[in-house]
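User: Please take me through this model by question and answer. Keep it brisk.

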Amino acid sequence: MKNLTLIFAASLFLASCGTTTQTKFDAYPAMYDDRQPLSVLVIPAINKTTAADATDYFNVTITEPLSNTGYYTMPVEIVKDIFLKEGVVDSAMIKGMPTSIFRKNFGVDAVLFVTINAWDKNYAVIAGNVTVSMEYVMLSTDSNEIIWQYSATQVVDTTAQSSGFIIADLISTALTTATTDYVPIAKQVNYQAFAGLPHGKYSTLYRADGEQEILVSLKDAATDIE
Amino acid sequence: MKNHSILLILTIIFLAGCATPNTGYYWENYSGTLYNFKKNPNEKTRARHIKELETIIAKAGQKGSRVPPGVHAELGYMLAQNGEKSTAASHLQKEADIYPESKTFIERIYLMLGLEE
């Protein structure tokens, strides 16, 4: 606990000093020219864990943060139904396919693959947490190249929603989603992932966040993917 | 592994300190009602999620903001499954009007649902 406080204090200090290492523009140059997508097809999450329930947590919470970053996104549940009709029961089946098929069939500029690599719940008497490891890879349906990627592993406290303080609207979501603790947690993880994503056309920050600095770890983490 | 978590925390705190991005969307409890419907698909949870989508649209109307992406499409899709075909079609059309880039996708939904275009 003491450690956490120290980390928190240290991070506030570092944040205020602006010790960051890379701008969004330098990290993701493709997102600042005509390769930047207007529309993004979110492929239903690929779940590599044994926790079957984790898939839904991420699928139902990804549209909101991605849209709020300024991109047109399609409802994941409809996409899932379309895939099922085409015989695609698992998104892993389509991961290696040329992405041009998604431009042809959905008219989208980019596709986003989301992979859940870890979703490990730890229960304790007074405190619980979940270790979450995620990968996000966005590919252009024009060139098939990776235009944005992110991956991270983190431990999220599930007892007090202690991380919820970070973004104010997450708190209210946590309070109103009485259904389960894991919906707001997955949403929070998705929001964090898109914090490093250059903003799209529907955001007031469109083409205005290139100088926004992100820690190089975002990029480093992302390069672990391959 | 540990390094990544700490760096992530640092990043988040830093980013949170930056200006809040604004698309002006209101999402209400979209994720929550969708999750409940997914988890226990029945008439009650379906009706609840439809109501949430209608609330999101109404709220955007009140605030004069854009209806978030996919909301009209999802509502149209669910209403079509309920057999309310004309209301469904008008919502799908609205999605394509607000977001012209959704045209191919919306045409695909029309086909899948067997709706007249």
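User: What percentage of the 226 residues of chain A count as buried?
Analyst: This is a predicted model, where local features need pLDDT of at least 70, side-chain atom pairs count only at pLDDT 80 or more, and totals for chains, interfaces and linings use all residues. Residues are numbered from 1 along each chain as its sequence is written, while chains are lettered from A and ligands numbered from 1 in the order in which they are written. A residue is buried if 20 or more other C-beta atoms lie within 10 Å of its own, exposed if 12 or fewer, and partly exposed in between, with C-beta atoms placed from the backbone. By that count, the buried share of chain A is 48%.

User: How many helices and strands does chain A have?
Analyst: Both are DSSP runs, numbered from the N terminus: helices are H or I with at least four residues, strands E with at least two. Chain A has nine helices and eight strands.

User: What share of the contacts in chain A with a separation of 6 or more comes from residues 24 or more positions apart?
Analyst: Two residues are in contact if their C-beta atoms, placed from the backbone, lie within 7 Å. For chain A, the share is 70%.

User: Which pattern does chain B follow along the sequence?
Analyst: Chain B has zero strands and six helices. Read along the sequence, its pattern is α-α-α-α-α-α.

User: Where in chain B does pLDDT stay under 50?
Analyst: pLDDT is the predictor's confidence in each residue, from 0 to 100. Chain B has a mean of 86, with 80% of its residues at 70 or more. The stretch under 50 is residues 12-21.

User: How far apart are the end C-alpha atoms of helix α3 of chain B?
Analyst: The expected span is 1.5 Å times one less than the number of residues. Helix α3 (residues 43-63) has 21 residues, so it should span 30 Å. The model agrees: the ends are apart by 30 Å.
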